[in-house]
Amino acid sequence: LVGSFVYNLPFGNGEKVASDASGLKNALVGGWQVNGIGTFQRGFPITITAADAGGLNDSFGTNRADIVGDPYPDGFNKSIDAWFNTAAFAQPAPGRFGSIGRNTLRGPGINNLDLALFKNFDVGRGSRVQFRFESFNAFNHAQFNAPVVNVADNRFGRILSARPGRINQIGLKLLF
């Protein structure tokens, strides 16, 4: 789900609050706008892989793993150190394809809110200058990347990286 909004704050000349403002007062309180984009998404599908032992399957060095247990047994809590039960997967025997299906698990989801505050200044002849303050990932919520999915890797099941944290920027834009 992705939703966005634009809200012109009701301050300044002709608005609900300070509707009689003019001159300097209107320049300070009028022309404010708040924008946002919210993204809420399930994690992308991931496939648990294994080495192609001896290259017998001609799978270009990768193979699917064998599933030998429950990836999410009762009481299991996902964390960056163990996104799934790593003991539920095994390296298939040489010359054998793994038994797990493609895209059977999901990586971490996204819960993100980008916010912006704009201030518009009329400069005449239908032009205006816009001061912008933008905050991406405004609440600095961790947005983790997919875990290591190859059973042959000693970091198997761990999440090692994340998308960037909060990024703030300011800008000035001329609209004409």
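This is a predicted model: local features need pLDDT of at least 70, side-chain atom pairs count only at pLDDT 80 or more; totals for chains, interfaces and linings use all residues.
**Entry 1: the largest pocket**

I began with the largest pocket, which holds about 300 Å³ of space. Its lining consists of 17 residues, and I noted N26, G30, G31, N120 and D122 as the closest to the pocket centre. I then looked up which elements give two or more residues to this lining, and found α1 (23-29), β2 (32-41) and β9 (110-124). Strand β9 provides the largest share, with four residues. By residue class, I recorded eight polar, five nonpolar and four charged residues in the lining of the largest pocket.

**Entry 2: the second largest pocket**

At least two lining residues come from each of β1 (2-8), β2, β9 and β10 (127-136). Among the residues that line this pocket are F5, N35, I37, D114, E134 and F136. I recorded the lining of the second largest pocket as six nonpolar, three polar and two charged residues.

**Entry 3: D114**

D114 lies in strand β9. Is D114 buried or exposed? I found D114 to be buried, and without a salt bridge. The nearest side chain of opposite charge is that of R166, 9.5 Å away; the cut-off for a salt bridge is 4 Å.

I then asked what the side chain of D114 reaches. I found the backbone nitrogen of N137 at 2.8 Å. I also recorded a polar contact between the side chains of D114 and N112, at 3.0 Å.

Key
Residues are numbered from 1 along each chain as its sequence is written. Side-chain values use heavy atoms; hydrogens and water are left out. On a 1 Å grid over the protein atoms alone, a cavity is a set of points where a 1.4 Å probe fits but cannot get out, and a pocket is an open set with protein on both sides within 12 Å along at least five of seven lines; lining residues have an atom within 4 Å of a point. Grid points are joined across faces, edges and corners, and a volume is the space filled by probe spheres set on the points. Ala, Val, Leu, Ile, Met, Phe, Trp, Tyr, Cys and Pro count as nonpolar, Asp, Glu, Lys and Arg as charged, and the others, Gly among them, as polar. Buried means under 20% relative accessible area, exposed over 50%, partly exposed in between (1.4 Å probe, protein chains only). Lys and Arg count as positive and Asp and Glu as negative; His and the chain ends are not counted. A polar contact is a pair of N or O atoms within 3.5 Å; within protein, one must be able to donate a hydrogen and the other to accept it, and residues adjacent in sequence count only if both atoms are side-chain atoms.
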